[in-house]
Each structure stands twice: as structure tokens, then as C-alpha cells.
Amino acid sequence: MTATLAAGAWTGHDTRLIGATVLAIALIVVLITKAKLHPFLSLILGSGVLGLVAGMPVDKLLKSFSSGVGSTVASVGVLIALGAMLGKLLADSGGADQIVDTILAKAGPRLLPWAMALVAALIGLPMFFEIGLVMLIPVVLLVAKRSGRPLMLLGIPALAGLSVLHGLVPPHPGPLAAAGALNANVGITLALGLLVGIPALVVAGPLFGRLAAKMVPDAIPPERLIPETHSESGKQRPSFAATLSTVLLPVVLMLGKALSDILLGKENEVRRVLDFVGDPLVALLAAVLVGMVTLGRPAGFDRARLSSTVSDALPPIAGILLIVGAGGGFKQTLVDAGVGDVITGLATGANLSPLLLGWLVAVAIRLATGSATVATVSAAGIVAPLAATMDPTHSALLVLAIGAGSLFLSHVNDAGFWLVKEYFGLSVGQTLKTWSLMETVISVVAIALILPLGALL
């Protein structure tokens, strides 16, 4: 009956809006994949086509896109910059090496796959996927060579650790951008992201790694990529305890805020303090400032070196900031054109779960563009109206559903696909059977956990 009513209420303007959305997304896909245009420019052009075809006045179109870029960069850009600074401090000080050495020293041969997953998760927490990948691959290759264990048995858990953090757990750009677009509580998103991410990591990492090692038992990376050592001889570096405490500080602060919001009253003084220090901006800023002392000093950094390390963290993320900002502009154009309301009506009429809808939209954009970040910010814009009436828990679950969809089946249009292929010395077919399938396992396991949580919470 509901579907019939929804169909009866359908108008020609609704058809025009859906057509404009499909055309805009198709244009973005073609520009990124065929014309090799930067996603930033592609999203700008796609937003323009969307607004014009949807019948938006030009002045309103420009204002919508500009306000979307501004609000997204304001809410997410500073967090991305702070996360990059923390990751750079971790890398340059030797703290990342310290985490790797300590965990691997404690793990026997049978536990190595689990240790690699843990190492990737810890290092990947404050770092972008590509940075974490470049840092971890030499470690994986070295450990595989020294231990004699199959490369895929160790590599897949490490890749899974990075991917799960990238798609499901703030302060990574995708989840942060989606949380901003849907007005979701970042602390609750972080808590639920860990709840969903840990089982997904276990299944797609150490467990799937066994199967991947059997499917591709003879993976041999280029000899030139295998380092003799992964840390400089005699280099001063921070202790394991100091490094781990610094990395986990923003996570603990944000989780504390999430728990206080659930357990304590609004007027409670403890909650007020935790709300402040657990705000993502304050938590990440605190971690960077603490890291300058706990990571920089043991490594012998003077003020000039600390300044250069923090500064050097910013240029590599310029492209990410632009893509996320343009994605926010595209999202706002979708919202102001009225596309989100049409999607909401369709989902209501079809009795389709908003969580499943968010996942499916993100999957479609991920398959088309190859970019998890583009998939996340675009899907968040399309389903944003669905979150308007949701409670904080379900808004956070919608963020996770979109993040899970953005990881689905990385293939030849994804830069990560080629990074993994070249670093591990795989053929295209072998990369599809290992890396691509692993990404799909993460996505499917995550949504399989998110949907029941949506029904229970």
C-alpha cells in the first residue's frame, strides 16, 4: 500500500531530479576513469551539471556548492590536517618502527598474521591509507622473508587492518566526512566502528589470509623492495608505551565523550569536561601537542625539526582535502536541489532499510569511481535526508554502512589496487583474488553486522 501511494505521488519533477543525479554521477565516473581528470575537478563539474539539469538557478547553484565546500572543510579539514601531523610525527620519530618491533618480537610464527593485523590497525589509526600502506609494506616483506611464511598470509592481515580503519573508524577522512554530512556523533561512530571493525578485521585479515595464501602461494615481491632493515641503526626513538599512549589518546578521549553522552546527564560537570576534551578537534590537537613531547623529544628533535615535521605533513593531504571539500559541495547541491527528499520518499515507499540503501549507493559509486572517499562523501549527500529523523546511534550506523559500502571490490580503477599489485609482485588476476576479494569481505561482513545492530539498538 505504501509503495502504491509513493508511486501515485511521483511527479515529473522527481523524474527530472533522479535523471539529473544519474547524469551527474555518470559524468563524474567518466571524467575520473576515462578522461583521467582529478576527482576534485570532476566533482565540481558534476555538481554544475546536476544543478543545471535539475533546474536550479545559477546563483543558487553556486551558493549551494560553495557553502557545501566551506562547511565540509570547516568541519573535517582541520581534523584531517591534525591527523596527518600526528601520523608524520609517528613516522619520523621512529615510533611506528617501535610499535612494529615490539609487537613482532612478542609474536611467535603462528601468531604472526594476527600481529601484522594489530600492527596495521595501530599504525593506521592516525594515518591515511596510502601513507600507512607505504610504511607497512616494507615491514611485511621483511617479516615474510625472515620468517619464511607465505607473503599473502602476512600481507592480507596488514592490508585488512589498514582498510578497516580507513573505511569505518574516525578520524579517517571518509568516516569523518560522512559523519559531518549526516550530523552524526563522531564518538558514537568511533565506538560502533570499532565494534563492527574488529570482527570484520578478524574475518578479512588473519582468517581470509589463510585462503589467500593457498590461492596465491607463490607471490614473490620485487627484490629491490625488500629492505635489509626497517629502522636506522642506532637511531633514538620513543618507547613503545609512550608511542602507544600517544596514538590511542584521541581514541580514548572521543570514546570517553561518547560514553558520557550515554551514561551521564547533560548538566553533569564530568560530562561537560569529557564533552570538551572528547571533541574530535580538541582530542586530535591534544594528541599532536603531546606527540611533540612524547615522540619528538626521545627522537632528539629540536624545535626546528618538530616544526618541519609538522609542516611536511600538510602538502601530501592537499589533494584529499580538495576531494573531500568538493564532495561536500556535491552533497549540498544534491540536498538543495531536492534529490535527497526524492530518495527518502523512494526508500520509504519501498520499505528499504536506510542502512542498506546507504551501503548500496556507496557500493555503486565505489565500483564506478574506484575512490572510497568519493563514494563516501557522495553517498552521504544522497542519503543525508534519511538521517534527519534518526537518533544518534542510527545516524552513526548509517555512517558505517556508507563506509562499508565504500570499501567494496577495489579493482583496476582504484590506485590502491595498483599499489598492492606492484608492491607484492602480483598479476592483475592474483590481485583480484586477494586484495579485491579481501576488500569485498570487509564490506559484506561489516554490513552483515551493521544491519542487525540497527534492528537491536
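The questions and answers below concern a predicted model and the reasons behind some of the labels applied to it.

Q: What makes up the secondary structure of the chain?
A: The chain has 21 helices and zero strands. Of its 457 residues, 55% count as buried.

Q: What share of the contacts in the chain with a separation of 6 or more comes from residues 24 or more positions apart?
A: Such residues account for 81% of those contacts.

Q: Why is the pair of W359 and F408 called an aromatic pair, and which geometry does it have?
A: Ring centres must lie within 6.5 Å to pair, and those of W359 and F408 are 5.9 Å apart. Planes over 60 degrees apart count as edge-to-face; here they stand at 90°, so the pair is edge-to-face. A search of the whole structure finds one aromatic pair.

Q: What makes this pair a tie between separate parts of the chain?
A: W359 belongs to helix α17 (residues 354-369), while F408 sits in the loop between α19 (392-405) and α20 (415-424). The parts tied together are therefore 49 residues apart in sequence.

Q: How do you know whether W359 and F408 are buried or exposed?
A: The label buried requires under 20% relative accessible area. W359 has 12% relative accessibility and so counts as buried. F408, with a relative accessible area of 16%, is buried too.

Q: Why are helices α15 and α18 described as roughly parallel?
A: Their axes cross at roughly 20°. Angles under 35 degrees count as roughly parallel, and α15 and α18 are therefore roughly parallel to each other. The axes of α15 (residues 318-337) and α18 (residues 372-387) come within 8 Å, and the crossing is right-handed.

Q: Which residues meet where α15 contacts α18, and what are their classes?
A: From α15 come I323, V324, G327, F330, K331, L334 and V335; from α18 come T373, V374, V377, S378, A380, G381, I382 and A384. By class, the contact has 10 nonpolar, four polar and one charged residues.

Q: Which residues does A379 contact, leaving aside its neighbours within four places in sequence?
A: A379 is in contact with G358, V361, A362, I365 and I402. From A379 to V363, 16 residues apart in sequence, the C-alpha to C-alpha distance is 8.9 Å.

Methods:
Residues numbered from 1 in each chain as written. Predicted model: local features only at pLDDT ≥ 70, side-chain atom pairs only at ≥ 80, totals over all residues. Heavy atoms only, no water. Phe/Tyr/Trp six-rings, centres within 6.5 Å; stacked < 30°, edge-to-face > 60°. Helix = DSSP H or I, 4+ residues; strand = E, 2+ residues; numbered from the N terminus. Buried < 20%, exposed > 50% of the residue type's maximum accessible area, 1.4 Å probe, protein only. Axes fitted to C-alpha atoms, helices over the stretch in contact; angles between N-to-C directions. Parallel < 35°, antiparallel > 145°, perpendicular 65-115°, else oblique. Left-handed = near helix turned anticlockwise from the far one by under 90°. Contact = heavy atoms within 4.5 Å. Nonpolar A, V, L, I, M, F, W, Y, C, P; charged D, E, K, R; others polar.
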